[in-house]
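Good morning, and thank you for coming. I ask you to look at the model on the screen while I take you through its main features.

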Amino acid sequence: MTRSIIERPVRETSRRALWLGMMLVALLVGGGATNLHAVSLVAADRSATERAAAERALMQSQIDEAVARAQRLAAADPKDGQAYLLLCRSFYAEAHAEEAIDACTRATQVLPHSSEAQDWLGRALGMKAERAGPISGLTLALKVREAFETAVALDPGNGDAINDLGEFYIAAPMVIGGGLDKSTALANQAMARRPQAAHRILAMTSEKRKDYGTAEREFRAAVAVANGADAWNDLGAFYRRRGEYDKAVDALKQGLAVNRAKDAGLVDAASLLDRMHREPALTQKALRDYLASGVKSDGAPAIKVHVMLGKLLESEGDKAGAKIEFEMALQMASGYAPAKQALQEL
């Protein structure tokens, strides 16, 4: 399902016309700058309330609602950069790359100094690049690098942007601006302000160089910074890639144990356990704990988690349970293709 960035239902247009008419009457009756200022304050308050509601909907993966609210904000004020950023994040969560790119491009135009907007634009471009052919993929990859580099330049302390740019430098060939020297330099630059991200990038750089001893030490150094679940997950992922599954499971269990907030780290751990076909009961528990938590985010969209859980149930022969999970995802995001496909294949 393709949506216009600022699409608005007819009934909403009628409501807005009525509201504007009421404000005009108030101005004509009261007159003066005082009433105009009051109207501006009311409009600003309504926008803030709507934006907060859109953010909450996105965090809960109520994508259809988040998109509708953000579209209303953008239609009411084409210079509302945060509305376009909310649209970008919503479309990205739904895996709609084209719409995400359009919305994030608008966000960067309205918010030229926003590191966050540039980082999300890079992610949206990267999503499209993964599905593109070799020629168009190369062009998109150059744009991805530019967006991530701009994000870090605008805010050298943006940990998400540092991680994204570091991963790009490590994975991308030199012809499009990748390189391990660049990832090392980025990590050294970030060490004082974002030590966990810096150690993570150094670990991945060493792993790429096949220096596995240094890689393990750097992953453990990242864990030592704050004993965070995400750092434990990174260590577990490293052991999985090395084929050391027992160590991987131990690290992931450590991450689950310290994740008292029940945040997106649960989903990362569950995904890694599932790939190794280890601890199926723990995997399902982690996904259910996340869905039941109050700290869901677009870092791990609930629609994606419902599909993951549904496929696990399907693999166990519980087709009825799987169907419920797939349908729950579609109730939140009616255009979510992975849920549609999973339901069709059930």
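Let me begin with a definition: helices (H or I, at least four residues) and strands (E, at least two) are DSSP runs, numbered from the N terminus. Alanine 68, for instance, lies in helix H3, which covers residues 63-76. Residues are numbered from 1 along each chain as its sequence is written. What you see is a predicted model, in which local features need pLDDT of at least 70 and side-chain atom pairs count only at pLDDT 80 or more, while totals for chains, interfaces and linings use all residues; side-chain values use heavy atoms, with hydrogens and water left out.

The term pLDDT stands for the predictor's confidence in each residue, from 0 to 100. The protein averages a pLDDT of 90, and 87% of the residues score at least 70. Over residues 4-30, however, the pLDDT is below 50, and this stretch has 26 contacts in the model beyond near neighbours in sequence; contact means heavy atoms within 4.5 Å. Where pLDDT is low, the predicted coordinates should not be read in detail.

I turn to the overall picture. The protein has 18 helices and zero strands. Of its 346 residues, 48% are buried. Here buried means under 20% relative accessible area, exposed means over 50%, and partly exposed lies in between (1.4 Å probe, protein chains only). Alanine 68 counts as partly exposed because its relative accessibility is 27%. Among contacts between residues at least 6 apart in sequence, 55% join residues at least 24 apart.

Next comes the disulfide, defined as a pair of cysteine sulfur atoms within 2.5 Å. How many does a search of the whole structure find? The search finds one. Cysteine 88 and cysteine 104 form this disulfide, with their sulfur atoms 2.1 Å apart. The pair links distant parts of the chain, 16 residues apart: cysteine 88 is in helix H4 (residues 81-93) and cysteine 104 in helix H5 (residues 97-110). The torsion about their S-S bond is about -90 degrees, so the disulfide is left-handed. Both cysteine 88 and cysteine 104 are buried.

We come now to the aromatic rings. Rings of Phe, Tyr and Trp (its six-membered ring) pair if their centres lie within 6.5 Å; planes under 30 degrees apart count as stacked, over 60 as edge-to-face and the rest as tilted. By this rule there are four aromatic pairs. One of them is edge-to-face: phenylalanine 168 and tyrosine 169, at 6.5 Å centre to centre with 65 degrees between the planes. Both of these residues, phenylalanine 168 and tyrosine 169, are buried. Phenylalanine 219 and phenylalanine 238 form a tilted pair, 5.3 Å centre to centre and with 40 degrees between the planes. This pair links distant parts of the chain, 19 residues apart, with phenylalanine 219 in helix H11 (residues 212-226) and phenylalanine 238 in helix H12 (residues 229-241). Phenylalanine 219 and phenylalanine 238 are both buried, and ring pairs link Phe219, Phe238 and Tyr239 into a cluster.

Finally, consider histidine 306, in helix H16 (residues 302-315). Is histidine 306 buried or exposed? With a relative accessible area of 5%, histidine 306 is buried. Leaving aside neighbours within four places in sequence, histidine 306 is in contact with Leu291, Glu325, Met328, Ala329 and Met332.
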